[in-house]
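Subject: Structure handover

Hi,

Here is the structure I promised to pass on.

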Amino acid sequence: MLGLLKNTWLGLALITLASALLLVSDLDRRQAAVPPVENKKLPRLAVMQWVSTDLLDRTVAGILEGLKQQGFEDGKTASIRFYNAAGDIATANMMAKEVTSGGYDLVLTASTMALQSVAAANRERGALHVFGAVTDPYNAGVGITGPAPDQHPPYMAGVGTFQPVGPAFRIAREMNPDLKRVGVVWNPSEDNSEACVRQARTVCNELGIELVEANCSNSSEVPEGVRSVLGRNVQAIWVGGDTVANAAIHSLIAVAGEAGIPLFSNDPNDAARGALFGLGASYQQVGVAVGDMGGQILRGASPSTFGVANLVPEVLALNETLASTLPGWTISDELRKRARDSARKS
């Protein structure tokens, strides 16, 4: 009997050893059968912008960079679809319904108008939504009442970027102490533009400058609008956070140049296009912050834990060549230093 038990245990031991050898020998083949990361279901993201302008394009580029830094790269670790409403409200509303319908893990928007369209379509759906390139989110009518985490819908997060309107006008007055009349063309249907113009009215009243206004509902109306303010003897043209004016910036600069007066704006990149100076945010950096926030949410963070801060990584760019041709306009060494310092930070 004892011999039989010994033979049985020996047989079991040999079977166990053989099974272990088979498992080890098959390990590489079984590991190779595990789907690689790129074959797994990728998170689906929608990126929507209101219109193609340099400012919004840079924001979107920054969003992609921020997502990539968080590990979400299009075609590799994420599937990203891009939407552009081309400045059309009906198109924006249609796109907003599509991106909030439940097919996307996260929606990211660039511009106030894109934020508003998606927010309106999203009230009942609660799709995760991160926004940027928004002048005044607290007064955009989308349920954001302040900067604290509990002052916005729990499925929404993002940053505001209120253009430095007042500082831009103060720089213009410093460059030309005799500056008394400044023209602006803007679209009254854009809350972002209205917010900037309200700020401009306030600072102009403080500085004793008359703000001469013309309304334009689309970029094709801009040349006529700027000529109407030029006919009222303005000494400069200002462009704030208005997507219609931004889309027609080359025309604005050209018409102002023909009249022999400068244009200044709240976009630093406009100086390279022919503006006298641009003071505003680095929208590449704004976009990176938005993409980073989106990446954190995709990794499990709740949008309700984020506040809605005013993010303005300020940059000043000067057009020294143009300034040298304009009687009465000068650039101080202090402004030159400020421009150099902000360029290094950007």
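Start with Arg58 and Asp267: their side chains form a salt bridge, at 2.9 Å from N to O. The two come from distant parts of the chain, 209 residues apart. Arg58 belongs to helix H3 (residues 54-69), while Asp267 is in the loop between strand S9 (263-265) and strand S10 (277-281). Bear in mind throughout that this is a predicted model.

Are these two partners buried or exposed? Arg58 has a relative accessible area of 14%, so it counts as buried, the cut-off being under 20%. Asp267 has 5%, so it is buried as well.

Arg81 and Glu98 make another salt bridge, at 3.2 Å from N to O. Here too the pair links distant parts of the chain, with Arg81 in strand S2 (residues 79-84) and Glu98 in helix H4 (residues 89-99), 17 residues apart. Both of these are partly exposed: Arg81 has a relative accessible area of 44%, and Glu98 comes out at 34%.

Back to Arg58 and Asp267 for a moment, as they also show up in a network. Salt bridges with shared partners tie together Asp54, Arg58, Asp267, Asp270 and Arg273.

One more pair to look at is Lys76 and Glu73, whose side chains meet in a salt bridge at 3.8 Å, N to O. Glu73 is partly exposed, with a relative accessible area of 26%. How many salt bridges does the structure hold? The count is 17.

Rolling a probe the size of a water molecule over the atoms shows where empty space is left. The largest pocket holds about 200 Å³ of space. It is lined by 15 residues, and the closest to its centre are Trp50, Gly87, Ser217, Thr243 and Val244.

Which helix gives the most to that lining? Helix H9 (residues 243-247) does, with three residues.

Cheers

How values were computed:
Residues are numbered from 1 along each chain as its sequence is written. This is a predicted model: local features need pLDDT of at least 70, side-chain atom pairs count only at pLDDT 80 or more; totals for chains, interfaces and linings use all residues. Side-chain values use heavy atoms; hydrogens and water are left out. On a 1 Å grid over the protein atoms alone, a cavity is a set of points where a 1.4 Å probe fits but cannot get out, and a pocket is an open set with protein on both sides within 12 Å along at least five of seven lines; lining residues have an atom within 4 Å of a point. Grid points are joined across faces, edges and corners, and a volume is the space filled by probe spheres set on the points. Helices (H or I, at least four residues) and strands (E, at least two) are DSSP runs, numbered from the N terminus. A salt bridge is a side-chain nitrogen of Lys or Arg within 4 Å of a carboxyl oxygen of Asp or Glu. Buried means under 20% relative accessible area, exposed over 50%, partly exposed in between (1.4 Å probe, protein chains only).
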